[in-house]
Amino acid sequence: MNNKESKSTINGDILEKSAIFKTKVSRDYSQTKVNQGNYTKEDTNIEFILNINLGNKRHKTTLTAIEKYLQGAANDEGLKIVDIYSGKLKFILQAAPECLEKIELLFNSGELIEIFDVPIETVEFIESEKEKLGLTIAADISDTDVAKLKAAMTGANDQKLLIQTIQTNQGEKRLNLRGANLRQVKLMGINLRGAILIGADLSEANFIGADLSGADLSRANFIGADLSEANFIGADLKVANFSRAGIERANLRRADLSGAELKQAKLGEADVREAILGRADLSGADLSGADLSGADLSKAELVRVDFREANLSGANLSKANLSKANLRGADLSTAKFFGAYVSGANISRANLYRANLSGANLSGAYLRQADLSEADLGEAYFFGLRKDYLKGANLNGANLEEADFRETEFKNSEVKNAKFSSNSCGMTEQLKQDLIERGAIFRDSEEYISLLTPLIR
């Protein structure tokens, strides 16, 4: 991408798509006229680069190039860049008053309108003594890069400068912290509402009680971070990595966690209502007591996840992998388990009222005293259930017409108006008669047809 194509503007969209803005400029400016005067620069090639992943050395090169350009324009090698502000990239220049006045005059006369093809937007004195001049160019870069430029200029630590920026501006403006290094920092209760933190590194950081609602944290690294009681309402957390992070009692309502890595994360008592967790990996995570009602967990990896006493009512768990998950006492009413793999899961005492488990693999699942009343278990696979795994389960009104009952027992289970088929795998004549006596319905049986005959006439 060249400057003409981008209209010489560096913005978030361009940085996101290309991750680099580069303009190669020849430093051979011999015979170039500025304010009716000639100046000469050495014949070398430089690169004016603003890149979210640059090191201090490259940022120092950028500053030196801009400084020398302006020194040449003002014909004064004493001109220095002494500060930088984010947003529209604003440089604070310091030099003798007559030097700075010359820069202002060149801009006002239209003779100095750009730096390496990047337009200059404003030039104005910021002190009455005219010892400092503010020069703003059309280069919207992140607060992260501004901190790196300042660090290159002063030799200070760019992370400390970035933390100062965050603490000074929190809640005042939408901070752009794309790619920021916030590893192991302590910013408890910080207000970063709506901030841009795409690809930021917050591993092992302390953000207890922080407000990150509406923030863009996609692809961010939260490994081992403490985010307990943090506010993530409506945040973009796509493909973020929360492995081993502490997110207890956090508010993740309506957050987009699709594709996120949450292995062994602690989400106890977290509010995850209406959150999107499709294709997320929560293997080994602790969601005990969490509220996930209405959440989308379709195709999520939920192996060995602890959902004890969690609220998953109305949640979408279609095609999710819940192998050996602990759902004991969970509220799964009206939840969708279509095609889910629930093999070996503990669903004892869970509420599955009107849940849709059609096509689910429940082989080896522990369903003792679970409430499956009016649940849809059509085409569900029950092979391998131990003898007492359905003991005391409420299957009243459930649809089990195409389920597999090999090795399965219904001891003390409630099956009134539950729908079975004589052709189901594992359905013996003795089991069929036992189920009919307890109120079960076999749609394909002669007894059921004879009951309907008077109504048909």
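Two strands pair if DSSP finds at least two bridges between them.

**Ground rules.** I am working on a predicted model, where local features need pLDDT of at least 70, side-chain atom pairs count only at pLDDT 80 or more, and totals for chains, interfaces and linings use all residues. Residues are numbered from 1 along each chain as its sequence is written, and side-chain values use heavy atoms, with hydrogens and water left out.

**Overall.** I counted 7 helices and 11 strands in the protein. Helices (H or I, at least four residues) and strands (E, at least two) are DSSP runs, numbered from the N terminus. Of the 457 residues, 50% are buried. Buried means under 20% relative accessible area, with exposed over 50% and partly exposed in between (1.4 Å probe, protein chains only). I looked up the accessible surface too: about 20800 Å², with 43% of it on carbon and sulfur atoms. The areas come from the Shrake-Rupley method with a 1.4 Å probe; for residues, only the protein chains shown count as cover. For contacts (heavy atoms within 4.5 Å), I took pairs at least 6 apart in sequence; 20% of these join residues at least 24 apart.

Strand β7 (residues 114-115) pairs antiparallel with β8 (residues 118-125) over 2 bridges. I find I115 opposite V118 of β8. The two strands form a hairpin with 2 residues between them. In that turn, F116 has a positive phi of about 50 degrees. On to the next partner: β8 and β9 (residues 132-141) run antiparallel, joined by 5 bridges. There T122 faces T136 in β9.

**S293.** I located S293 in the loop between α5 (158-169) and β10. S293 counts as buried because its relative accessibility is 15%. The S293 side chain makes a polar contact with the D291 side chain at 2.8 Å. A polar contact is a pair of N or O atoms within 3.5 Å; within protein, one must be able to donate a hydrogen and the other to accept it, and residues adjacent in sequence count only if both atoms are side-chain atoms. Beyond four places in sequence, S293 touches R273, E274, N311, L312 and S313.

**S424.** This serine sits in the loop between β10 (419-420) and α6 (429-437). Is S424 buried or exposed? S424 is buried, because its relative accessibility is 7%. A polar atom of its side chain lies 2.9 Å from the backbone oxygen of E401. Leaving out residues up to four places away, I list L400, E401, E402, A403 and F405 as touching S424.
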